[in-house]
Amino acid sequence: MVALRTAQATQDETDDIVIRVHDLTNRFGEQVVHDHLDLEVRRGEILGVVGGSGTGKSVLMRSIIGLQEPASGEIDVFGESMGDRNEAQAKDVRRRWGVLFQNGALFSTLTVAENVQVPLREYYPKLDQMLLDEIASYKIVATGLPAESSSKFPSELSGGMRKRAGLARALAIDPELLFLDEPTAGLDPIGAEAFDALIKGLRDLLGLTVFLITHDLDTLHAICDRVAVLADKHVVAVGTIDELLALDHPWIQEYFNGPRGRAAAQSKERSAIADDQRRADMVAVDRDTTANETAGTERAAQQQDGGRTD
Amino acid sequence: MLARRNDLPHLARRMTPRPADFAQDDRTLRFTGAWTLAQLGDVPARLEHIDDTPEIIDLSGVERMDTVGAWLVHRLQRDHDIRIEGADDKAEDLIGKVGQVDRPFQIQPDEPPSFQRVLGRIGKSTVRSGHTVVGLLAFFGETLIAVWQVILNPKRFRGNAVIRQFEVVGLDALAIVGLMSFLIGIVIAQQGAIQLRQFGAEVYTINLVGRLTFRELGVLMTAIMVAGRSGSAFAAQIGSMRLAEEVDAMRTIGLSPMESLVLPRVVAAILMMPVLAFYAAMMALIGGGLFSWFALHLPPVTFVARIREVVPLTDVYQGLIKAPVFGLIISMAGCFQGMQVEGNAEAVGLRTTAAVVQSIFLVIVLDAFFAVFFASIGWI
């Protein structure tokens, strides 16, 4: 069994699978939340996890990060089983991931900067204070908070700011894997869009793998590479939104093809069209200016120039 | 398992990144290895102590870089005006991005000097105490208005809620109040007997137990127990209802929180306190009586006869007069603090503590006033 599992783990690393959940069952008393659930998360992808309320999205996340002991099943993270690990081994895995809880879960007695420093101090006790302070500061600014909020206490922040501070803490140790539990819930649309852009930017820049629980259809369309759908106590489908739409599952159809789903898809299309339009406009403006400045006889040549410089 | 990994060279490279390092070569700093947080080791400390300022950082030997590595490069560049060479697109991008979020910062909020801070805290708590007193008075007034409203319109009286609170405040407290009073009766009898034995006046133990429990200890200990049990529960229940906006929802539906939340609790506490206090006094008598029987060999008949001789009825009245007042104070403090909850769950805890502290404090202060008052009207 051990030999087999090791082979499996090595296989995972070659296949670039960061999280493998196999045959997971979770139950609370009589109520079964997950019934033989399987899921794989690939390296470098943003995987959106959707599902109706009470389908166990958060429980799945809690099982993967080890806060919820599953009734049965296998969970491998970074190719190593999470089940039979001692405290030191568990710590080795934990220092490679960051978690953002639904309401930020900031430590209320510490300032925002001190909150961000907690994982750094815990995992890298040798860092000197100056560097700790600098790291906390740039992480906080990078998540879109004003620099002054570093010295504030969580109770002095709004809900959206607390979420950003929570993200700064989750990113403190530059994790390879990021768990986000409804990061855009309760944010205004502008804030939510900025949050989406931030997460996508971090993924592109640092090659993060993101496990993202969300109800936000715009987020799904905007940044998720694949979407896993939780229904009937297991993952009914994983794929891009287009792939999911091709499936004949009533819940998926209702979810993505409902009025809100269609609106989100349309707004994505619109923004893509608007981008194209803007680009085309710029080309046209470019052409016009060049055309006005130069003589009419050379017009065709100038147009080509204008097109190239764009 | 590790051996197996090393069989795969491309994997081994990923799994075991080389630690970050640097070497100074004339005016060039050559960085090598993985400049990631996990691989930094003592590099940040060593970077602090480079002797002469380099002009060029060569990043061509860097395998990987995360934001912390990029920050170190950015910091060097910022402080010493150094040129960067050999960075790949990603590293360059990362260093640029980190540079964009470099701001002056402050980790701890500003704190005034300690002398000023102490003065400030004294001032603030004085103002807060003033506000609490005024708030409590206003709350008392609101409760009276609610009582008046209910009297004008008796249908609005919530009988069911009051009876439910009877159960919570009175019935559920019987076991703990009874046990506590029983033990206190034993303690008084035992301590009294030790002292009085020196004068050969052991029989006066009965006077001590009888008078003390009816006048003071029965009602006082009950009040403290009720403050801890019910006063805190009132504050916590109403406080969490405030947090969940239940109280606001009641107002919008047209229910008065004073009538539906506060009044039943206040009425229940006022009516249950005398019952509990009398019960507590009786339990203390039983405790004291049993102790006298077994340790002092005073039979129960003697004990009861002597109690009837030495305990004037005014002692019982005193207890029964004080108890509803204490009940009022405890329930008012609990409900008042509950209604003051605002913001987050932490406030519920703080307010609950405040409710218990205030009610016990007020109970003891009033008890002192009562003692002086009853003495001056001749109920000695």
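Residues are numbered from 1 along each chain as its sequence is written, and chains are lettered from A in the order in which they are written. In this predicted model local features need pLDDT of at least 70 and side-chain atom pairs count only at pLDDT 80 or more, while totals for chains, interfaces and linings use all residues.

User: Which helix gives the largest share of the side of chain B that touches chain A?

Analyst: Two residues are in contact if their C-beta atoms, placed from the backbone, lie within 7 Å; 29 residues of chain B are in contact with 29 residues of chain A. Helices H1, H3, H4 and H5 of chain B each give two or more residues to this side, helices being DSSP runs (H or I, at least four residues) numbered from the N terminus. The largest share, four residues, comes from H5(B).

User: Is B:Pro264 buried or exposed?

Analyst: B:Pro264 is placed in helix H11 (residues 257–295) of chain B. A residue is buried if 20 or more other C-beta atoms, placed from the backbone, lie within 10 Å of its own, exposed if 12 or fewer, and partly exposed in between. Because B:Pro264 has 21 other C-beta atoms within 10 Å, its class is buried.

User: Which residues is B:Leu320 in contact with, leaving aside its neighbours within four places in sequence?

Analyst: B:Leu320 lies in helix H13 (residues 313–339) of chain B and is partly exposed, with 18 other C-beta atoms within 10 Å. Leaving aside those neighbours, its contacts are B:Pro274 and B:Phe278.
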